[in-house]
Amino acid sequence: MPDPTLAQPGAQIDAQPHSPGQVPDPVLDSARAQVVAAQQGTPAIKAFFDMPTFTVTYVVHDPHTRRAAIIDSVLSYDPASGRTSREAVDPVLAHVAELGLSVDWHLETHAHADHLSAAPLLQRELGGQIAIGAHICEVQKTFGTLFNAEPGFARDGSDFDRLWADGDSFRIGELPVTVLHVPGHTPACVAYVIGDAVFVGDTMFMPDYGTARADFPGGDARTLFRSLRRILELPGETRLFMCHDYLPEGRDHYAWETTVADQRRANVHAHDGIDEDAFVAMREGRDRTLAVPRLILPSVQVNMRAGHLPPAEDNGVVYLKIPVNQL
Ligand SMILES: N[C@@H](CCC(=O)N[C@@H](CS)C(=O)NCC(=O)O)C(=O)O
Ligand SMILES: [Fe+2]
């Protein structure tokens, strides 16, 4: 029986831009051309759903070379005890070992506010480089100040091995990758266009859930709308992989894969025909009702350091801080 978490390649691809009046966007043109060219060389994608944080980690590999990337890994964390554990990473490591993959990249779509990244742990075990969008420096400045981080905490992105600018491209084995800067949820969000698949991070969620919140520091609803609609200019058959699923009412199973065409037709917050002002009013209104994520304080102070814990104190113990009455 086929593994339902192993995504299948898409069908015929529509190469034409959707909106004739759209402003020139050479980065998007090159991403669109890449999606078309990749029809014959689609990545193998395995999803791992972390139920405690509703996060999807992906292992993406080139079937020809077995070179791989791990996107948005999760280090399990119990805030009551302050304990980290390998619960979420062990199945990822088992998959990598079973298929004999060589992991070149640990890709973050953004500095997550709801879970700790496992990138350093995976890097220790598998090698590879940790990468995130270049605007992470803004996130590091904001949260470095909030957490009154030690003077040695670099706020220039140098904790990461690689910082992506909009339009950067690289390869996973023979698979072409284009990075799209898609701010709005956070200033540093990126989406990874890998062959014919896009890992959208926290821009949009499944069509029946809608979109990511835009009320974190440096977030902006109008910017988010432009970013997600930019992704939706890719060909209709382009496969889109979400970073979270929060199981909306009316659905009884978690889901994380959809297409550009499905989002354009059915995304409850941002389908074709919803204009920017209407989206912004909806998004800002909804954001006022959302609680602060359960793990935002531990997550951000670790993820701003590329997933590394803060330095140990002189007793050898690592502490995470809780700023009181600040959020
Ligand atoms: N209940 C979750 C919510 C986490 C959350 O706020 N997730 C962000 C993405 S990092 C989001 O956009 N959520 C949209 C929503 O909750 O409607 C938690 O506490 O961890
Ligand atoms: Fe997020």
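Reader: In which loop does arginine 66 lie?

Author: In this predicted model, arginine 66 lies in the loop between strand E3, residues 55-61, and strand E4, residues 67-71.

Reader: What is the phi of arginine 66?

Author: Arginine 66 has a positive phi of about 60 degrees, although the residue is not a glycine. Most residues other than glycine have a negative phi.

Reader: And is arginine 66 buried, exposed or partly exposed?

Author: Arginine 66 counts as partly exposed because it has 15 C-beta neighbours inside 10 Å.

Reader: Which residue other than glycine has a positive phi near 55 degrees?

Author: That is aspartate 72. Aspartate 72 is placed in the loop between E4 and strand E5, the latter covering residues 76-78.

Reader: Is aspartate 72 buried or exposed?

Author: Aspartate 72 is buried, because 27 other C-beta atoms lie within 10 Å, and the cut-off for that class is 20 or more.

Reader: Let us turn to the ligand. Which residues are around ligand 1?

Author: The residues around ligand 1 are Thr53, Ala113, Asp114, Asp202, Ala212, Arg213, His244, Tyr246, Leu290, Pro293 and Arg294.

Reader: How does that shell divide into nonpolar, polar and charged residues?

Author: The shell around ligand 1 has five nonpolar, two polar and four charged residues.

Reader: What does UniProt list for residues 54-244?

Author: An unreviewed UniProt entry lists residues 54-244 as "domain: Metallo-beta-lactamase". In the model, the end C-alpha atoms of residues 54-244 lie 5 Å apart.

Reader: How many helices and strands does the protein chain have?

Author: The protein chain has eight helices and 15 strands. Its radius of gyration is 19 Å, close to the 20 Å that the globule rule gives for 327 residues, so the chain is as compact as a globular protein of that length.

Reader: What box do the C-alpha atoms fill?

Author: Taken along the principal axes, the C-alpha atoms of the protein chain fill a box of roughly 60 × 50 × 40 Å. Of the 327 residues in the chain, 46% are buried.

Reader: Among contacts between residues at least 6 apart in sequence, what share joins residues at least 24 apart?

Author: In the protein chain, 70% of those contacts join residues at least 24 apart.

Reader: Now the core. How many residues are in the largest nonpolar core, and which have the most contacts inside it?

Author: The largest nonpolar core has 84 residues. Those with the most contacts inside it are Ala191, Tyr192, Val198, Val200 and Phe241. In soluble globular proteins, nonpolar side chains tend to be buried together.

Reader: Where is valine 198?

Author: Valine 198 is in strand E13, residues 197-201. Valine 198 counts as buried, because it has 24 C-beta neighbours inside 10 Å.

Reader: Which residues does valine 198 contact, leaving aside neighbours within four places in sequence?

Author: Valine 198 is in contact with Ala191, Val193, Ile231, Leu234, Thr238, Arg239, Leu240 and Phe241. Across 59 residues of chain, the C-alpha atoms of valine 198 and glutamate 257 are separated by 9.8 Å.

Reader: And what does valine 200 touch?

Author: Not counting residues up to four places away in sequence, valine 200 touches Ala191, Ile231, Leu240, Phe241, Met242 and Cys243.

Reader: Moving to helix H8: how many of its eight residues are buried?

Author: Seven of the eight residues of H8, which covers residues 296-303, are buried, and the helix is mostly covered. The buried ones are Leu297, Pro298, Ser299, Val300, Gln301, Val302 and Asn303.

Reader: What do those buried residues pack against?

Author: The buried residues of H8 pack against E5 and helix H4, residues 136-146.

Reader: Lastly, where is threonine 84 found, and what does it contact beyond four places in sequence?

Author: Threonine 84 is found in strand E6, residues 83-85. Beyond its neighbours within four places, threonine 84 is in contact with Leu75, Ser76, Tyr77 and Leu116. Threonine 84 counts as partly exposed, with 17 C-beta neighbours inside 10 Å.

Notes. Residues are numbered from 1 along each chain as its sequence is written. Chains are lettered from A and ligands numbered from 1 in the order in which they are written. This is a predicted model: local features need pLDDT of at least 70, side-chain atom pairs count only at pLDDT 80 or more; totals for chains, interfaces and linings use all residues. A residue is near a molecule or strand if its C-beta atom, placed from the backbone, lies within 6 Å of it. Ala, Val, Leu, Ile, Met, Phe, Trp, Tyr, Cys and Pro count as nonpolar, Asp, Glu, Lys and Arg as charged, and the others, Gly among them, as polar. A nonpolar core is a set of buried Ala, Val, Leu, Ile, Met, Phe, Trp, Tyr and Cys residues joined through C-beta atoms within 7 Å. A residue is buried if 20 or more other C-beta atoms lie within 10 Å of its own, exposed if 12 or fewer, and partly exposed in between; C-beta atoms are placed from the backbone. Two residues are in contact if their C-beta atoms, placed from the backbone, lie within 7 Å. UniProt positions are given in the numbering used here, feature names are shortened, and annotations may be inferred rather than shown by experiment. Helices (H or I, at least four residues) and strands (E, at least two) are DSSP runs, numbered from the N terminus. The radius of gyration is taken over C-alpha atoms; the globule rule is 2.2 Å times the number of residues to the power 0.38.
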